[in-house]
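Here is a short report on a protein chain. It covers backbone geometry, helix packing and aromatic contacts.

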Amino acid sequence: IRSGESSGLEGYSRIKEEKQKELAKHNAEATRLLKMALANSDVYVQGSKLDVSGDILTRVQQAETELIKRVYYKLDNIDVNKTLNDVDNLLSGIEQVGLEENKKALSDMRDWIFRKGQLLGLKEVLDTFQKIPYGYAELD
């Protein structure tokens with residue numbers, strides 16, 4: 001490189017450019033092959049094969065939805081999602097608790113509290129019902 005610095009730098013630049021083109025070509029081919037493999041792959045959730053269809057994104061979303069349903073299987077017990085405004089209205093006496101709303105969730109909580117048979121703090125109740133299998137939000 002030192003004897004002919006300008007030609008050496010040109011050669012280096014040419015080699016670098018060729019390697020960059022080669023890398024881009026390999027990356028494109030790897031992406032194409034990966035997309036093809038994902039499009040033709042079987043999707044499993046908790047050991048069960050799912051019948052999913054569509055493009056890759058749709059298939060992943062369907063699998064994610066099914067996984068959430070299976071892991072947080074008591075999440076469907078929440079019929080009505082509550083907001084901070086609902087809680088404020090309840091605490092200020094403006095609103096009464098709707099006994100028909102979230103009936104299954106209230107039943108689960110009541111049963112769990114009776115099974116514990118001791119004084120419980122709000123934190124313990126919240127911690128329990130925000131975890132699997134419930135997944136309730138704090139305001140629920």
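Asn-102 sits in the loop between helix H3 (84-91) and H4. Helices (H or I, at least four residues) and strands (E, at least two) are DSSP runs, numbered from the N terminus. Asn-102 is not a glycine, yet its phi is positive, about 55°. Its relative accessibility is 6%, so Asn-102 counts as buried. Buried means under 20% relative accessible area, exposed over 50%, and partly exposed in between (1.4 Å probe, protein chains only).

Gln-46 also is not a glycine and has a positive phi, about 50°. Gln-46 lies in the loop between strand E1 (43-45) and strand E2 (48-50). Gln-46 counts as exposed because its relative accessibility is 52%. A cis peptide bond joins Ile-132 and Pro-133, with omega about 5°. Pro-133 belongs to the segment after H5. Most residues other than glycine have a negative phi, and most peptide bonds are trans.

## Basis of the model

The model is predicted: local features need pLDDT of at least 70, side-chain atom pairs count only at pLDDT 80 or more, and totals for chains, interfaces and linings use all residues. Residues are numbered from 1 along each chain as its sequence is written, and side-chain values use heavy atoms, leaving out hydrogens and water.

## Packing of H4 and H5

The axes of H4 and H5 come within 12 Å and cross at roughly 125°. Axes are lines fitted to C-alpha atoms, for helices over the stretch in contact, and angles run from 0 to 180 degrees between N-to-C directions. H4 and H5 are therefore oblique to each other. Angles under 35 degrees count as roughly parallel, over 145 as roughly antiparallel, 65 to 115 as roughly perpendicular and the rest as oblique.

H4 contributes Asp-108, Met-109, Trp-112 and Lys-116 to the contact, and H5 contributes Glu-124, Val-125, Thr-128 and Phe-129. Contact means heavy atoms within 4.5 Å.

## Aromatic cluster

The whole structure holds 4 aromatic pairs. Rings of Phe, Tyr and Trp (its six-membered ring) pair if their centres lie within 6.5 Å; planes under 30 degrees apart count as stacked, over 60 as edge-to-face and the rest as tilted. Trp-112 and Phe-129 pair edge-to-face, at 5.4 Å centre to centre and 85° between the planes. This pair joins helix H4 (residues 103-116) to helix H5 (residues 122-130), its members 17 residues apart.

Phe-129 is buried, at 2% relative accessibility. Phe-129 and Tyr-134 form a tilted pair: 4.4 Å centre to centre, 50° between the planes. Trp-112, Phe-129, Tyr-134 and Tyr-136 form one aromatic cluster.
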